[in-house]
Amino acid sequence: MLIRSTLTALALVFAGPVLAQETAPAATEQTAPAVLPDIYLGDENAPVTIYEYASFTCGHCAAFHNDNFPKLQAEYIDTGKVRFAQRDVYFDAVGLWAGILARCGGDDKYYAVSHMLFDEQRQWLSSQSGDDIAANLRKIGLKAGMTEEQMNACWEDTAKVEQLVATFQHNAGADEVNATPTFMIGGEKVQNQAWDSMKEIIDRKLAEAPAASN
């Protein structure tokens, strides 16, 4: 069955690069998967940049996106004060499958699909088998305007999957991220917390920032 073989391949791709960090010699520059660029929201000249490390299987990440992200977007991103990028974290194979789907429609659809995955997290994660979870993810992809063929191609694109894993490992390693959600606000690592506390940190960073982007 295509879904089962695809999910099995993805699980192996997910596990392989992680183990390779510990057991394999360092990859050469020619063979190492490329680190993908961030996908941003907001003014590129905003004085403060926020990176959110999030897993699509993380309940606290879903809570942030459902409860606090609309406030962040309305008060800071849409007003040009903050430039924002979500950095996907793959602590499990299912989170990787969802991350591949989020990237499948291209950069322009990334945040729309990401929000759908967080909004409907309980529903698509409620199934017990990999095939059922994949079927639930397919439903989200179809609602986002993707075709079955498009999703199959994305899930079977092992080169792109390796790039996504390499990107996660590079970014999370550089910022020493081991839990989600974790935020980098103007270069400062910030753990998940109540919106009022996070807002204070953002406002402090804005007060400290020069007029130009940092």
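Which side chain does a polar contact of 3.5 Å join to that of Thr 182? The partner is Gln 191. A polar contact here is a pair of N or O atoms within 3.5 Å; within protein, one must be able to donate a hydrogen and the other to accept it, and residues adjacent in sequence count only if both atoms are side-chain atoms. Thr 182 belongs to strand β4 (residues 182–185). Its relative accessibility is 1%, so Thr 182 counts as buried. Buried means under 20% relative accessible area, exposed over 50%, and partly exposed in between (1.4 Å probe, protein chains only).

The model is predicted: local features need pLDDT of at least 70, side-chain atom pairs count only at pLDDT 80 or more, and totals for chains, interfaces and linings use all residues. Residues are numbered from 1 along each chain as its sequence is written, and side-chain values use heavy atoms, with hydrogens and water left out.

The chain holds nine helices and five strands. Helices (H or I, at least four residues) and strands (E, at least two) are DSSP runs, numbered from the N terminus. Along the sequence the pattern reads α-β-β-α-β-α-α-α-α-α-α-β-β-α. Of the 214 residues in the chain, 46% are buried.

The five strands form an open sheet. Their order is β1-β3-β2-β4-β5, and the pairing is mixed. Two strands pair if DSSP finds at least two bridges between them. The edges are taken by β1 (40–41) and β5 (188–191). Each has a single partner strand, so one side of each is left without a neighbour in the sheet. Strands of a sheet pair through backbone hydrogen bonds, either parallel or antiparallel. Both kinds can be followed from β3. Strand β1 is joined to β3 (residues 82–88) by two bridges, and these strands run antiparallel. Tyr 40 stands opposite Ala 85 in β3. Strands β2 and β3, by contrast, run parallel and are joined by seven bridges. Here Thr 49 stands opposite Arg 83 in β3.

How many of the seven residues of strand β2 (residues 48–54) are buried? Seven of the seven are, so β2 is largely enclosed by the rest of the structure. In a regular strand the side chains alternate between the two faces of the sheet. In β2 both faces are covered. Val 48, Ile 50, Glu 52 and Ala 54 are buried on one side. Thr 49, Tyr 51 and Tyr 53 are buried on the other.

One disulfide is found, the term being a pair of cysteine sulfur atoms within 2.5 Å. A disulfide is a covalent bond between the sulfur atoms of two cysteines. The link joins Cys 104 to Cys 154, with an S to S distance of 2.1 Å. The Cys 104 and Cys 154 link is right-handed, with 85° about the S-S bond. Cys 104 lies in helix α3 (residues 93–104) and Cys 154 in helix α7 (residues 148–156), so the pair ties together parts that are 50 residues apart in sequence. Cys 104 is buried, with a relative accessible area of 10%.

The model contains one cavity of 30 Å³ or more. On a 1 Å grid over the protein atoms alone, a cavity is a set of points where a 1.4 Å probe fits but cannot get out; lining residues have an atom within 4 Å of a point. Grid points are joined across faces, edges and corners, and a volume is the space filled by probe spheres set on the points. The largest cavity holds about 110 Å³ of space. It is lined by 14 residues, of which Arg 87, Asp 88, Tyr 90, Arg 103 and Thr 167 are the closest to its centre. Strand β3 and helix α8 (158–174) each supply at least two residues of this lining. Helix α8 gives the most, with four residues. The lining comprises seven nonpolar, three polar and four charged residues. Ala, Val, Leu, Ile, Met, Phe, Trp, Tyr, Cys and Pro count as nonpolar, Asp, Glu, Lys and Arg as charged, and the others, Gly among them, as polar.

Although not a glycine, Glu 176 has a positive phi of about 55°. Glu 176 counts as exposed, at 60% relative accessibility. Pro 181 is also placed in the loop between α8 and β4. The peptide bond from Thr 180 to Pro 181 is cis, with omega near -10°.

Key: On a 1 Å grid over the protein atoms alone, a cavity is a set of points where a 1.4 Å probe fits but cannot get out, and a pocket is an open set with protein on both sides within 12 Å along at least five of seven lines; lining residues have an atom within 4 Å of a point.
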